[in-house]
Amino acid sequence: MPHPQPGWFDRLASGRCLAEFSMWSADLCNLARDLERIAPHADILHIDVADGVFAPALLFFPDLVSAIRARSAVPIHVHLMVDDAILLAQAGQFADAGADLISIHAENGNAAEAVSLITARGLLAGAVLRVESPLDVVAPLLPKLSMVTLLGTAIGVKGQGLSETAPGRIAEMRLKVAASGARHRQIVAADGGIRDNTVPTLVAHGAETVVLGSLAFGAPDLGARIAWLHALPGA
């Protein structure tokens with residue numbers, strides 16, 4: 001079964017924005033074809049998981065991650081949007097399914113326990129913040145995290161415009177991450193409202209990866225789209 005090489009996270013490119021592909025926007029009837037199509041361009045595959053309680057959508061399941069793992073060596077980032085009652089079980093199931101990085105929500109009451117479970121399994125841990133959540137919510141978790149993702153739209157809903165607060169929150173989070181005292185690499189990500197007119201601003205304010213949906217999967221020339229992303233000047 002293909003896996004990214006050990007130390008994959010530290011080998012991710014620096015000095016340019018990473019391309020994190022949201023599989024929610026892939027053609028789910030032709031998933032293997034889309035995985036092959038994006039493989040030369042994807043730094044990370046992003047899998048959203050939602051329980052219909054913590055977030056309004058119902059997304060995705062461990063068997064899908066297992067199927068993707070069997071077909072791709074691109075690192076898999078699972079974003080858990082689930083209630084406290086099932087968070088720990090879900091983290092374990094997606095670890096078993098082949099995830100390389102699992103992000104929980106900093107708003108979860110048992111977020112710290114989930115991060116410890118994920119890292120004890122030998123995986124990287126991340127945290128996500130809703131667009132309305134104060135940034136300080138993630139502070140107790142920061143030293144153990146490899147990625148912090150800030151949502152720029154309401155959770156679990158496609159097609160929304162980017163909140164005007166999103167760029168400033170990215171810049172502020174970069175400062176908090178730099179001051180966290182962690183000795184390992186940490187990346188700040190932007191998710192939601194990712195459009196051709198918003199990405200340059202998010203990257204300029206410090207986003208090191210953006211979660212690409214239709215902006216990538218709907219691009220007439222995917223190679224040109226990713227070259228554009230890589231060329232954007234960052235913070």
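The stops below concern the nonpolar cores, the aromatic pairs and the pockets.

This is a predicted model, in which local features need pLDDT of at least 70 and side-chain atom pairs count only at pLDDT 80 or more, while totals for chains, interfaces and linings use all residues. Residues are numbered from 1 along each chain as its sequence is written, and side-chain values use heavy atoms, with hydrogens and water left out.

**Stop 1: the nonpolar cores**

Select Phe21, Met23, Leu45, Val78, Leu80, Ile104 and Leu212, the residues with the most contacts inside the largest nonpolar core, which has 74 residues. A nonpolar core is a set of buried Ala, Val, Leu, Ile, Met, Phe, Trp, Tyr and Cys residues joined through side-chain atoms within 4.5 Å; buried means under 20% relative accessible area, with a 1.4 Å probe and protein chains only. Next, select residues 84-97: this helix, α4, gives the core its largest share, five residues. Helices are DSSP runs of H or I with at least four residues, strands are runs of E with at least two, and both are numbered from the N terminus.

Another core, of nine residues, lies apart from the largest one; among its members are Phe9, Leu12, Met147 and Ala189.

**Stop 2: the aromatic pairs**

How many aromatic pairs does the structure hold? There are two. Rings of Phe, Tyr and Trp (its six-membered ring) pair if their centres lie within 6.5 Å, and planes over 60 degrees apart count as edge-to-face.

Select Trp8 and Phe9, both of which are buried. Their ring centres are 5.4 Å apart and their planes stand at 90 degrees, so the pair is edge-to-face.

Now select Phe21 and Phe217. Here the centres are 5.7 Å apart and the planes at 90 degrees, so this pair is edge-to-face. Phe21 belongs to strand β1 (residues 18-22) and Phe217 to helix α8, so that the pair links distant parts of the chain, 196 residues apart. Phe21 is buried at 0% relative accessibility, and Phe217 is buried at 11%.

**Stop 3: the largest pocket**

Select Trp24, Val157, Lys158, Asp191 and Gly192, which lie nearest the centre of the largest pocket among its 25 lining residues. A pocket is an open set of points on a 1 Å grid over the protein atoms alone, where a 1.4 Å probe fits, with protein on both sides within 12 Å along at least five of seven lines; lining residues have an atom within 4 Å of a point.

Finally, colour β4 (76-81), β9 (209-212) and α8 (214-217): each supplies at least two lining residues.

Conventions. Buried < 20%, exposed > 50% of the residue type's maximum accessible area, 1.4 Å probe, protein only. Phe/Tyr/Trp six-rings, centres within 6.5 Å; stacked < 30°, edge-to-face > 60°.
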